[in-house]
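This briefing is intended for a reader meeting the structure for the first time. It covers salt bridges, a helix pair and some backbone features.

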Amino acid sequence: MRTSTTPAIGGERSRTVASPRPVDLAHTLAPLRRGAGDPCTHRDDAGGHWQATRTPAGPVTYRLIQSGSHTVHARAWGPGAQVFLDDLPAMLCLDENLDDFTPEHPLIDDAHRRHPGLRMLRTGRVFEALVPSVIEQKVHTISALASWRKLVRQYGEPAPGPAPAGLLLPPAPETWRRIPSWEFHRAGVGPQRARTIVRAAAIADSLERTAARAPAEAARMLCTVPGIGVWTAAETAQRAFGDADALSVGDYHLAAIIGWTLLGRPLDDDGMVEYLEPLRPHRYRVVRLLEISGHARKPKFGPRTPLTDHTWH
């Protein structure tokens with residue numbers, strides 16, 4: 001991996017990172033975006049990926065762009081800019097070694113050959129990945145994304161630097177702790193999920209330290225927090241820990257999709273776990289490859305899952 005850094009000019013810092021393996025920036029970053037209207041992300045007309053986030057050194061706005069098949073160029077603003085740039089190779093998992101990933105199923109093998117630049121994500125920002133995952137627990141995705149947008153727009157802060165209009169920092173842990181229960185309710189977040197977020201916010205510093213652990217151990221530690229189960233821990237690990245094996249067991253659709261895609265019949269969670277066992281430690285990578293390749297499928301039959309409205313009228 002090669003890097004080059006440009007000194008700060010007018011508060012802006014920049015860096016270019018390169019890897020011997022290809023890097024597919026758009027597909028790699030996709031899990032960070034919580035729906036098309038996520039106030040914390042933006043995609044510009046030139047293909048730049050903007051995001052506002054928080055680092056141990058303070059908030060940062062960054063813009064990443066694919067500058068070559070093996071290179072990514074980054075610009076960053078704010079107190080956390082240098083820390084973000086220092087951590088960028090780790091965030092994009094440029095140190096991944098896939099020598100042990102040799103899938104035998106033809107669809108997985110095809111997806112891997114067609115998308116060699118897919119990387120995992122290791123942001124290290126655990127609480128930031130956890131909160132929207134908690135919001136998405138046991139509700140329709142459309143409703144969860146609307147709740148995330150409403151709360152961030154109400155309690156987020158303007159992103160530093162020359163950020164696109166409307167780009168916001170996600171609320172800090174202390175802000176999440178102070179959100180009244182009725183505001184969670186108005187945003188469509190039920191009492192159990194709201195209590196989990198507030199509880200996690202109270203121990204946010206401890207949660208952040210799990211990023212230094214091995215991914216499986218970190219996920220187990222997350223599950224010791226009341227309200228956080230294996231699904232939520234996996235969704236967090238997929239973004240914060242760079243865990244290529246973080247399978248979202250308990251997802252409403254995933255087991256059936258894996259079954260129909262790879263076997264031509266539905267599976268339940270136990271069946272999915274058993275079938276994917278030989279693919280450890282790359283089970284989540286397989287899911288992502290099937291998603292981005294277009295192979296993932298599930299027959300459209302049966303009633304549509306109703307949207308659950310948790311808001312007041």
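The side chains of Glu174 and Arg177 meet in a salt bridge, with N to O at 3.6 Å; a salt bridge is a side-chain nitrogen of Lys or Arg within 4 Å of a carboxyl oxygen of Asp or Glu. The model is a predicted one, in which local features need pLDDT of at least 70 and side-chain atom pairs count only at pLDDT 80 or more, while totals for chains, interfaces and linings use all residues. Residues are numbered from 1 along each chain as its sequence is written, and side-chain values use heavy atoms, with hydrogens and water left out.

**Salt bridges**

- The structure holds 18 salt bridges.
- Glu174 and Arg177 are three residues apart in helix H6 (residues 173-178), and therefore about one helical turn separates them; helices are DSSP runs of H or I with at least four residues, numbered from the N terminus.
- Glu174 is partly exposed, at 39% relative accessible area, and Arg177 is partly exposed at 42%; buried means under 20% relative accessible area, exposed over 50%, and partly exposed in between (1.4 Å probe, protein chains only).
- Arg239 and Glu235 form a salt bridge of 3.3 Å, N to O, and both residues are buried.
- Asp109, Asp110, Arg113 and Arg114 are joined in a network of salt bridges.

**Packing of H4 and H11**

- The axes of helix H4 (residues 126-135) and helix H11 (residues 230-240) come within 9 Å and cross at roughly 140°; axes are lines fitted to C-alpha atoms, for helices over the stretch in contact, and angles run from 0 to 180 degrees between N-to-C directions.
- H4 is therefore oblique to H11, as angles under 35 degrees count as roughly parallel, over 145 as roughly antiparallel, 65 to 115 as roughly perpendicular and the rest as oblique.
- Residues in contact (heavy atoms within 4.5 Å) include Val126 and Leu130 of H4, and Trp231, Glu235 and Arg239 of H11.

**Backbone features**

- Most residues other than glycine have a negative phi, and most peptide bonds are trans.
- Cys93, in the loop between helix H2 (81-91) and helix H3 (106-114), has a positive phi near 50° and is buried at 0% relative accessibility.
- Lys138, in the loop between H4 and helix H5 (141-155), has a positive phi near 60° and is exposed at 85%.
- The peptide bond from Arg280 to Pro281 is cis, with omega near 0°.
- Arg280 also forms a salt bridge with Glu277, the closest N and O atoms being 3.0 Å apart.

Notes. Helices (H or I, at least four residues) and strands (E, at least two) are DSSP runs, numbered from the N terminus.
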